[in-house]
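Dear colleague,

I am handing over a structure for you to look at, and below it I have written out what was found. Please keep the picture open while you read.

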Amino acid sequence: MSTLCSIKIPRLVSEPRHVRGIADTSVVIDLGRLDRRDLPAELAISAVTLAELAAGPHATSDRAEQARRQDTLQRAEATFDALPFDAASARAYGRVYAAVSAGGRKARGRRALDLLIAATALAAGSPLYTRNPDDFRELDGLVEVVAAESPHGELRGGE
């Protein structure tokens with residue numbers, strides 16, 4: 001079973017909706033632009049998120065963008081202890097894959113990384129915080145997916 005390692009988010013006012021949650025890569029990238037009151041008191045990430053962030057600087061030839069992505073990776077590494085993708089997560093992935101397939105969408109390719117992160121959340125028994133809730137719509141009833149909005153109520157489009 002995965003152990004939840006996390007950071008504590010400072011609270012300015014009200015109690016969070018959840019005590020703990022798993023942030024997907026979109027939340028980590030946009031963390032500084034999100035309303036912290038909408039995030040759980042303890043936020044963790046999956047090792048899969050670190051893998052996506054590690055690939056980021058190599059996925060662009062723009063030097064300024066490479067530097068920005070490297071900064072995001074280093075901040076995530078310094079801030080979070082990532083949950084491993086372990087045997088419990090692997091078993092949970094089977095359930096996630098089945099739900100997505102039953103919903104008529106492909107669970108392979110670029111989506112596979114998002115679904116591995118969702119499986120990590122399922123195995124940890126924690127809600128999944130994302131900027132792209134439509135990417136996880138077939139998981140309703142399996143994983144609680146929480147839309148992380150900017151202070152202006154903005155979500156990202158399906159990436």
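This is a predicted model: local features need pLDDT of at least 70, side-chain atom pairs count only at pLDDT 80 or more; totals for chains, interfaces and linings use all residues.

Of its 159 residues, 44% count as buried.

As for the fold, the chain has five helices and five strands, and when it is read along the sequence these follow the pattern β-β-α-β-α-α-α-α-β-β. Among the contacts between residues at least 6 apart in sequence, 65% join residues at least 24 apart.

Two packed helices are described by the angle between their axes and the distance between the axes. Here the axes of helix α4, residues 87-102, and helix α5, residues 111-124, come within 8 Å and cross at roughly 120 degrees. Angles over 145 degrees count as roughly antiparallel and those from 65 to 115 as roughly perpendicular, and α4 and α5 are therefore oblique to each other. The crossing in which α4 passes α5 is right-handed.

Which residues in α4 meet α5? They are A88, S89, A92, Y93, R95, V96 and V100, and on the side of α5 they meet R111, A112, L115, L116, A118, A119, T120, L122 and A123. Sorted by class, this contact of α4 with α5 has 12 nonpolar residues, together with two polar and two charged ones.

Technical notes: Residues are numbered from 1 along each chain as its sequence is written. Side-chain values use heavy atoms; hydrogens and water are left out. Axes are lines fitted to C-alpha atoms, for helices over the stretch in contact, and angles run from 0 to 180 degrees between N-to-C directions. Helices (H or I, at least four residues) and strands (E, at least two) are DSSP runs, numbered from the N terminus. Angles under 35 degrees count as roughly parallel, over 145 as roughly antiparallel, 65 to 115 as roughly perpendicular and the rest as oblique. A crossing is left-handed if the near helix is turned anticlockwise from the far one by less than a right angle, and right-handed if clockwise. Contact means heavy atoms within 4.5 Å. Ala, Val, Leu, Ile, Met, Phe, Trp, Tyr, Cys and Pro count as nonpolar, Asp, Glu, Lys and Arg as charged, and the others, Gly among them, as polar. Buried means under 20% relative accessible area, exposed over 50%, partly exposed in between (1.4 Å probe, protein chains only).
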